Amino acid sequence: MVAVRAMGRHARIRRFETGGTRVRKLAVVMAVLALVGCENEVEGVHKQVAEHLPNPKTAKFGNVRIDTKGTICGQVRGKDDAGQYEAYRSYVAIKGDGGQYDIIVDDNGNNLRIREICGGAELQRRAEALADQPAPQGWDVEVIQGANMGALSDMTARLIEKGIPSSVEYRNGKPVVLLGPFPTKEEAEARKAEVMAKLGTDSVVIQHGAQR
């Protein structure tokens with residue numbers, strides 16, 4: 001809205017905003033400030049996570065996401081002493097009441113505590129419960145759903161780009177990305193490690209056709 005105030009032959013034009021416009025602009029400014037603050041906080045957390053690597057200055061992060069409590073999940077990797085990048089590892093930074101973070105970095109690829117917070121715990125528990133059962137139809141590598149997977153089209157495109165074949169099935173109306181089945185569990189575990197190393201995407205090995 002524009003107001004015109006007469007001043008002799010000249011008109012002085014003064015713009016003013018309605019209450020709704022001011023509120024919207026204030027909301028945008030607050031959102032931008034919150035985003036900047038969030039980015040600064042994530043940067044600080046990543047410095048702490050990097051200290052868990054052999055060469056912290058070489059740390060690279062991927063698939064970073066933050067929940068409403070301020071907990072940060074993602075994957076990280078760094079270079080070894082030979083200057084080669086190691087495989088990605090999952091991590092979680094749990095924000096405490098005092099604003100400090102408890103950092104957990106996955107050292108074996110199956111950290112249940114991380115998956116309880118970042119997703120995949122139910123699938124891991126199911127796989128562990130079936131671990132001693134036979135797999136007559138082979139073994140699947142199932143990509144953990146949710147933020148870990150991201151958009152279905154992006155996930156499948158990234159797998160194709162890396163030359164990793166996959167299939168998609170729908171379970172309870174949600175897409176599930178599967179690799180395999182593989183004849184042996186060892187082959188499935190190797191593909192699971194490859195997906196984490198190349199894409200920084202978490203997954204679980206489980207019998208093909210097993211009830212999830």
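This is a predicted model: local features need pLDDT of at least 70, side-chain atom pairs count only at pLDDT 80 or more; totals for chains, interfaces and linings use all residues.
The structure contains one disulfide, which is formed by Cys73 and Cys118 with their sulfur atoms 2.0 Å apart. Because Cys73 belongs to strand β4 (residues 72-77) and Cys118 to helix α2 (residues 112-118), the pair ties together parts that are 45 residues apart in sequence. The link of Cys73 and Cys118 is left-handed, with -85° about the S-S bond, and both cysteines are buried.

The largest nonpolar core comprises 15 residues. Those with the most contacts inside this core are Val141, Met155, Leu159, Val177, Leu179, Ala188 and Val195. At least two of its residues are supplied by each of β7 (139-143), α4 (152-161), β9 (174-182) and α5 (185-199). When residues up to four places away in sequence are not counted, Val195 touches Leu159, Ile164, Leu179, Gly200 and Thr201. Another core, of eleven residues, lies apart from the largest one and includes Val49, Leu53, Ile72 and Ile103. In soluble globular proteins, nonpolar side chains tend to be buried together.

Helix α4 has both buried and exposed positions. Met155, Thr156 and Leu159 are buried in α4. Viewed down the axis of α4, its buried residues fall within an arc of 90° and therefore line one face of the helix. These buried residues pack against β7, β8 (167-171), β9 and α5, whereas Ser153, Ile160 and Glu161, on the other side of α4, are exposed. Just after α4, Gly163 adopts a positive phi of about 75°.

Technical notes:
Residues are numbered from 1 along each chain as its sequence is written. Side-chain values use heavy atoms; hydrogens and water are left out. A disulfide is a pair of cysteine sulfur atoms within 2.5 Å. Helices (H or I, at least four residues) and strands (E, at least two) are DSSP runs, numbered from the N terminus. Buried means under 20% relative accessible area, exposed over 50%, partly exposed in between (1.4 Å probe, protein chains only). A nonpolar core is a set of buried Ala, Val, Leu, Ile, Met, Phe, Trp, Tyr and Cys residues joined through side-chain atoms within 4.5 Å. Contact means heavy atoms within 4.5 Å. The arc is that of the directions from the helix axis to the C-beta atoms.
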